[in-house]
Amino acid sequence: MSPYSTLAELSRPLRTRTRKTYRVPEPALGLDAEKLKIVIVSDAAPPQVNGVVRTLGELKRNLTAMGHEVISITPELFNTVPMPSYPEIRLALFPGRKLARMIEAVNPNAIHIATEGPLGLAARNYCVRRNLPFSTSFHTRFGEYLYARTGFPLNWSYAFLRWFHAKATSIMVATPSLQAELEGRGFGKPFIWSRGVDTELFRPRPELAGEHYLDLPRPVYLYVGRVAVEKNIEAFLDLDLIGSKMVVGDGPRLEHLRKRHPEAHFAGPLFGEELAKAYAAADCFVFPSKTDTFGLVLIEALAAGTPVAAYPVQGPLDVIGDAPVGVLDNDLGVACRKALGIAPDACRAFATGFSWEACTRQFLANLALEEVPEPAAAAQAAPNALELG
């Protein structure tokens, strides 16, 4: 009997399973597939506002809609301390024992580790000690961010990251270029797990096409994301552009940038309809980051009918490439001005190709699941256990 035909038996207790792992075949990923219990461990969680949090939120929503059970293990379940230089992020304090108890109580079919912080590290060590398969994802350029903030050597950071992900059955990345880069850095062969967009929330809103709802002079150039040094926001704010610049988000550089650029409008963090409204009312979405691995905000803006201006770097190149929905130029000002001529309908049509359901199926295909013993093997094991008792 193929292990792919025994997904219904995956609800058996963890201790009865063998340690052989396999990936779910594509035919098993429909809405009628056997339902799984999946633990997702993440150091990034609400109230943080970033692409990782939104990605995991959409993933959980779609997995639940497919009938799977998702158990999120996140910092609010633990004692936490603020992250140095970034107090908005809370780090779990000595989470190992409690996290182990939580996983054992859940008895999941799969464990996915989304981040390399204290919770991710505790989950990784738990799985390795118990010889449990697990998957990981590479969402953030941890090394580059640490270098930008502290000057910490990149080669040391990547040595840690290789060690962290080395025992995973699968490492998930959002784009082919990141896949190739990590493969070149000695991470093995990562699997693609792309991103999607909520096209019902993020949509064109023709009623906002006239005067800007905040009375900002047009054209309005918008940035959405963390307000942090690694996002390179000053490259955007320093541009000589006619019109207005709007920044949506929070982070450690917010007050510094507010003082340095009083001419810009800083809206703080926005969510749901307010965020979607900000996208749809803008004339151009500006993405100054040179370190993002994907840039979920890119497709959110495009879904709202707003063209993109960005540097020709990983992230924008993967998402947009040469599609006529944005301008990628080493001169960000040139990209901003040229992007104003792009038709909103083209942006919207392009973004509808990014489906969260398809991304969720990719995630399921990349999971590390445990194979249950064959019925015959289980029957033989029972008498032996009685004899030993």
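This is a predicted model: local features need pLDDT of at least 70, side-chain atom pairs count only at pLDDT 80 or more; totals for chains, interfaces and linings use all residues.
Helices, meaning runs of H or I in DSSP with at least four residues, and strands, meaning runs of E with at least two, are numbered from the N terminus.

Residues are numbered from 1 along each chain as its sequence is written, and side-chain values use heavy atoms, with hydrogens and water left out.

Let me start with the whole protein. Its secondary structure comes to 15 helices and 16 strands, and of its 389 residues 53% count as buried, where buried means under 20% relative accessible area, exposed means over 50%, and partly exposed is in between, with a 1.4 Å probe and protein chains only. The protein exposes about 17,100 Å², of which carbon and sulfur atoms supply 57%; such areas come from the Shrake-Rupley method with a 1.4 Å probe, and for residues only the protein chains shown count as cover. If we take the contacts (heavy atoms within 4.5 Å) between residues at least 6 apart in sequence, 68% of them join residues at least 24 apart.

Next, the strands. Strand S2 (residues 37-41) and strand S3 (residues 69-73) run parallel and are joined by five bridges; two strands are said to pair if DSSP finds at least two bridges between them. Together with helix H1 (residues 51-65), S2 and S3 make a right-handed β-α-β unit, and right-handed here means that, with the strands pointing away from the viewer, the path from the first strand over the helix to the second runs clockwise.

A second example involves strand S11 (residues 244-248), which pairs with S12 in the parallel sense over three bridges, and there Val 247 has Phe 266 in S12 as its bridge partner. The chain crosses from S11 through helix H8 (residues 254-260) to S12, and this β-α-β crossover is also right-handed. Which residues of strand S12 (residues 265-268) make up its covered face, and which its uncovered one? Phe 266 and Gly 268 are on the covered face, whereas His 265 and Ala 267 are on the uncovered one. In a regular strand the side chains alternate between the two faces of the sheet.

Now to the interior. A nonpolar core is a set of buried Ala, Val, Leu, Ile, Met, Phe, Trp, Tyr and Cys residues joined through side-chain atoms within 4.5 Å. The largest one has 86 residues, and those with the most contacts inside it are Phe 236, Tyr 279 and Phe 285. Helix H10 (residues 296-303) gives the most to this core, with seven residues. Apart from it lies another core, of 29 residues, among them Leu 99 and Leu 178.

Thr 360 lies in helix H14 (residues 356-366), and because its relative accessibility is 0%, Thr 360 counts as buried. Not counting residues up to four places away in sequence, Thr 360 touches Leu 59, Asn 62, Leu 63 and Met 66. The C-alpha atoms of Thr 360 and Leu 59 are separated by 6.1 Å, although the two residues are 301 residues apart along the chain.

Finally, some backbone details. Most residues other than glycine have a negative phi, and most peptide bonds are trans. A cis peptide bond joins Pro 46 and Pro 47, with omega about 10 degrees, and Pro 47 has its place in the loop between S2 and H1. Another cis peptide bond, with omega about 0 degrees, joins Arg 218 and Pro 219.

Asn 107 is not a glycine, yet has a positive phi of about 55 degrees, and Asn 107 is buried, because its relative accessible area is 19%. Asn 232, which I promised to return to, has a positive phi of about 60 degrees although it is not a glycine either. Is Asn 232 buried or partly exposed? With a relative accessible area of 26%, Asn 232 is partly exposed.
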